[in-house]
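Me: I'd like to learn how to read a protein model feature by feature. Could you walk me through one?

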Amino acid sequence: MPTPLRFGLIGCGHQGRYLCEALRCAGPHDLVACADPDEAARERAVAQFGFAHDYESPAKMLFDGGLDAAIVATTHDQLQPCAMAAILSGCHVFVEKPMALNAEHGQALADEANRTGHKLMVGYALRYRPDRVLMGRMLAEGVIGDLVQVHAGQLIGSMGGWLGKARHGGGPLLYVGCHALDQILWCNPSPVTRVYAEEVPSAVPGVEADALLTLRFADGCLATLSTSQRLGGRYGWLDLLGTHGRMRAEWESYRLSVESRKMAAYSHLTHLDVAMTDFVPALAPDATSTLASYYYVRMWAAEMVEFVSAIQEDRRPAISGEDGVRALRVMDAARQSAETGQAIALRET
Ligand SMILES: NC(=O)c1ccc[n+]([C@@H]2O[C@H](COP(=O)([O-])OP(=O)(O)OC[C@H]3O[C@@H](n4cnc5c(N)ncnc54)[C@H](O)[C@@H]3O)[C@@H](O)[C@H]2O)c1
């Protein structure tokens, strides 16, 4: 039986508390301390999880020590500095997406984790939707042949609060579009060689209302990414088009649609309903979380199981710092493209 890990939470808002709840699905780990400058947020976290210590400042919490790992779920501008401080204090880190505001800062974080031997995992949770896991497996098995095009979108309604402010890293691309981007990159490990982007600005300077990206991969695959905060609700999709067929998954549906000229079973468009427990890491037998039974948040539980397993097995987490940097490089290029009107060449390492 592995020793329970001692966790600190940095950022006690909605997602930080969801992730603590999700952590309970990964076994009896100790939620020791939390930090947030917002007293009300801290109080909610203490009431919900019984943290023995709470701090206004993450620096003070990390200085006091006694932690094995930290969950970082702050506003976007604070993710990288807080995650960096946690690594420097000796913690393994689970950091929410987008991990940093640009690739340079993301790379510095990934480098520090590698240098110090700490695990760093980025919260691209859509990878843990069972329909997407099955999609990835079928792609790898050649069900639709070689990937020719990928079309993904993740869209949301009007973004207020810090999510609408440039200095906090607001805007739909860094908030939800990055999930769709990660899905595209996850499907195709080939280097991205060119990025072109169109943006429609919002009323707030430095924050886009809409963004459309076109990506070209070294293997000849093309991809598009759509994101917006002008939609009435949340929509998302991932379409894979291959030399022998196609697959489609949609946000908030656990249905995977498959059509393949290679496999008789899918010679006509077939809709597979994927159960929420299929293809994702099993929860600890003593999981106590109420989240465990919800479709929507089940992916966060799977993430936490993976993060804890990576620490205990001393291996790289499934969604690494390098994966986070790869997405940030594309988003940096998209920003530059939208500003200049030019396609931006990338040399992925
Ligand atoms: N993976 C997902 O599915 C998913 C879903 C929602 C949000 N998120 C991500 O989670 C993160 C947090 O989003 P949220 O919805 O919880 O926002 P939120 O506003 O509810 O919470 C953010 C909290 O961070 C605190 N904070 C700000 N600066 C801090 C600092 N320096 N130290 C400690 N705390 C600080 C704020 O006071 C606030 O309480 C973001 O990165 C967001 O993109 C991920």
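Me: What should I know before I start?

Reply: This is a predicted model, in which local features need pLDDT of at least 70, side-chain atom pairs count only at pLDDT 80 or more, and totals for chains, interfaces and linings use all residues. Residues are numbered from 1 along each chain as its sequence is written, and side-chain values use heavy atoms, with hydrogens and water left out.

Me: How are helices and strands named?

Reply: They are DSSP runs numbered from the N terminus: helices are H or I with at least four residues, strands are E with at least two.

Me: How do I read the packing of two helices, and at what angle do helix 4 and helix 5 pack?

Reply: Axes are lines fitted to C-alpha atoms, for helices over the stretch in contact, and angles run from 0 to 180 degrees between N-to-C directions. Under 35 degrees counts as roughly parallel, over 145 as roughly antiparallel, 65 to 115 as roughly perpendicular and the rest as oblique. Helix 4 (residues 76–88) and helix 5 pack at about 10°, with axes 10 Å apart, and are therefore roughly parallel to each other. Contact means heavy atoms within 4.5 Å. Gln80, Ala83, Met84, Ile87 and Leu88 of helix 4 make the contact with His105, Ala108, Leu109, Glu112, Ala113 and Thr116 of helix 5. By class, that contact has seven nonpolar, three polar and one charged residues. Here Ala, Val, Leu, Ile, Met, Phe, Trp, Tyr, Cys and Pro count as nonpolar, Asp, Glu, Lys and Arg as charged, and the others, Gly among them, as polar.

Me: At what angle do helix 5 and helix 9 cross?

Reply: Their axes come within 8 Å and cross at roughly 170°, helix 9 being residues 321–340. Helix 5 and helix 9 are therefore roughly antiparallel to each other. Their crossing is left-handed; that term applies if the near helix is turned anticlockwise from the far one by less than a right angle, and right-handed applies if clockwise.

Me: How do I read burial, and which residues of helix 6 are buried?

Reply: Buried means under 20% relative accessible area, exposed over 50%, and partly exposed in between (1.4 Å probe, protein chains only). In helix 6 (residues 130–140), eight of the 11 residues are buried, so this helix is largely enclosed by the rest of the structure. The buried ones are Pro130, Asp131, Arg132, Val133, Leu134, Met135, Met138 and Leu139. Their cover includes strand 7 (147–155), helix 7 (172–187) and strand 11 (235–242).

Me: Where is His118, and is this residue buried or exposed?

Reply: His118 sits in the loop between helix 5 (103–116) and strand 6 (120–122), and is buried at a relative accessible area of 17%. A polar contact is a pair of N or O atoms within 3.5 Å; within protein, one must be able to donate a hydrogen and the other to accept it, and residues adjacent in sequence count only if both atoms are side-chain atoms. The His118 side chain makes one with the side chain of Thr116 (2.8 Å), and a polar atom of the His118 side chain lies 3.2 Å from the backbone oxygen of Gly90.

Me: Which backbone angles deserve a look?

Reply: Most residues other than glycine have a negative phi, and most peptide bonds are trans. In this model, the peptide bond from Lys97 to Pro98 is cis, with omega near 5°. Pro98 lies in the loop between strand 5 (92–95) and helix 5. Met99 lies in the loop between strand 5 and helix 5; this residue has a positive phi of about 80° although it is not a glycine, and is buried at 0% relative accessible area. Asp314 also has a positive phi, near 50°. Asp314 is in the loop between helix 8 (295–312) and helix 9 and, at 58% relative accessibility, counts as exposed.
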